[in-house]
Amino acid sequence: MLSVPTALTLFAAGLQTPQDGRAALEVLPVPHVSGQNQAIAPPQWSTMLQVVDGPDLLLASNSDRQFPIDGGVEFLRTLFAHDVENDTLHIDAVNDNLVLSGDSTIVGQVRERVKEIADALLRPLEIEATVWEAPAGDAPGGVLDPREFAEFTKNAKALWRARTIARSGRPVLLDGQRWTPYVRDIDVEVAQKATASQPTLASFGEGGRVVVLPHLLVSGDDVVVMTQFGLAQRRGAVRRQPTGVAGQPDLEVPTLETTFGACSGRIRNGGALAITETGDDSSGGRTMLTIRVAARTPPAARTGARFGIFPCGALTCSALTQRVSPPPTRPTEDEPGVEEEEGPGILTPEALQDWIRASLGADAETTFSIHESGHHLFVSGNERTIPMVETLLRGLEERLLQTVSVRTTGSLVPVDADNGPARRLHEIVFPSLHGRMGTVARLLETNTIAGQAAEIAQEATNHNPVVATLRAGTWIRVRTAAVGTGEHLELLGQCMHFVPPQVQQTLPQGGLLGLTATATSRFAHDGAVAKGQAVEHGDGPLVTIDGRTFRTTLATVVSW
């Protein structure tokens, strides 16, 4: 790439001076538009008891430029094709600078176009992620309008909050975590005549990490918000647990109320997504995560009749198209990797451009051009084609970008009372955009000594504790689509429960085990659902809470 002084010398030498002698040479810095994306590591997934690599469901680890400057140069050359062809205007890029040379009047017009483009691309969005204590009673829906959000926050208690400023089509991170090292396991080394035990450390997380990907729309002032999150609160103090083997240090056993997931929805300016997770203490915590987005600056006015810049990422981005697998149902020694399977998206950028050209017909055969960059369409045409493109995009947004609220519940009925009062094992409510995957989990997780492995040498023996992760709670994954006046629901869920481990001596020479009973149930649905009517999944796991046994019934309601 040319240096700035070299480039300016070449442009000045090649500039054809206008007849009136008014030549101009300008350098416009645009790093704020074409700057490098910051790669964002995804939040924790499946556990907060160890540091694990989670799936990047928002594709936020991509560090490419959102708007490569070479594409901006080509778009400007298309808008001013006549002047470029007549050699009265030169447009090029040097690093993160646009270099303009030519007739001063034309250069001034280009400068104004660059400002209009920047205003359209850089509309600031205020994003706030807050974790609240879950409200009493039934949880609110998955989307709150500005009035509902303001009403909710009057009496709500915030546990954690983070704010940032973002722009459409670029993911941002809201992060506030604390990681504490602890003795999770013991490694045993056995030689010919001696043994040694040493602690194995892990770290458990508290607080939250939330990634948000906002997309502005052509239609009005709504915003499509996509998010992936991992949150945890520690329940009580970290317990010390002897292994029962002489000479071995104690294990440390934290218990966490963990939530993780990824979902999306369309909100009004100033409204919020709301993910609520509540229920019995034996299967998780009681929290509500809100993602609020507000645009204080109105949309940039489009003054040019020959060009338009339209956000399209809500229709074309590949975020939240992966199907992720549920967590293990049994105690696990090692944290397994998360299996991902890419599912269908809504539209690809190439398909959207082809459909727009096909819809315009003969109007797209002359001076019309269209290309996608950074989740935006850059369109040049005339006073007829630009409004037509805007109308086409508005229609697609209204048909395809609809949100449903998913509410899945588990009810507890005591088996020793025929008509005893039911209570909730869990209630999870979250939004889901048509065509996108929505996955949410509410868990209670801890560790236990699930076994003792004998280590034997010629004249020495020892026991190596096998530490496994226990999980209770609910995991659910959905994808919805509009079918006539109803919805098609693709759902997979999992409900897990365990009895607190009872530590017992099992080996004559020492060695403790924390044995427990685990109960699990998978539930699924792949078919039509009616608005507000429960989809009954039947019985869930048989659970024991405080020494009392309960039957569970599972159901899901989709509303819009």
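Tutor: Let us begin with a pair of residues: Thr 276 stands opposite Val 429 in strand 21. Strands here are DSSP runs of E of at least two residues, helices are runs of H or I of at least four residues, and both are numbered from the N terminus. This is a predicted model, in which local features need pLDDT of at least 70 and side-chain atom pairs count only at pLDDT 80 or more, while totals for chains, interfaces and linings use all residues. Residues are numbered from 1 along each chain as its sequence is written, and side-chain values use heavy atoms, with hydrogens and water left out.

Student: How many bridges join strand 13 to strand 21?
Tutor: Four bridges join strand 13 to strand 21 (residues 423–433), and the two run antiparallel. Two strands count as paired if DSSP finds at least two bridges between them.

Student: What stands opposite Thr 276 in strand 14?
Tutor: Met 288 does. Strand 13 and strand 14 (residues 287–294) pair in the antiparallel sense over six bridges. Strand 5 (residues 143–144) is also antiparallel to strand 13, joined by two bridges, with Leu 144 opposite Ala 272.

Student: Is strand 13 mostly covered or exposed?
Tutor: Strand 13 (residues 272–279) is mostly covered, with eight of its eight residues buried. Buried means under 20% relative accessible area, exposed over 50%, and partly exposed in between, with a 1.4 Å probe and protein chains only. Ala 272, Ala 274, Thr 276 and Thr 278 point one way, whereas Leu 273, Ile 275, Glu 277 and Gly 279 point the other way.

Student: Which residues have the most contacts inside the largest nonpolar core?
Tutor: They are Val 210, Ile 291 and Phe 430, in a core of 44 residues. A nonpolar core is a set of buried Ala, Val, Leu, Ile, Met, Phe, Trp, Tyr and Cys residues joined through side-chain atoms within 4.5 Å. Apart from it lies another core, of 40 residues, among them Leu 57, Leu 217, Leu 396 and Met 496.

Student: What does Ile 291 touch?
Tutor: Not counting residues up to four places away in sequence, the residues that Ile 291 touches include Val 210, Val 212, Ala 272 and Leu 273. Contact means heavy atoms within 4.5 Å.

Student: Where else does helix 3 lie?
Tutor: Helix 3 (residues 69–79) also lies across strand 2 and strand 3, running at about 170 degrees to strand 2.

Student: Which residues of helix 3 are buried?
Tutor: Ile 69, Val 73, Phe 75, Leu 76 and Leu 79 are. They are on the same side of helix 3 because they cover an arc of only 165 degrees around the axis, taken from the directions from the helix axis to the C-beta atoms.

Definitions and conventions:
Axes fitted to C-alpha atoms, helices over the stretch in contact; angles between N-to-C directions.
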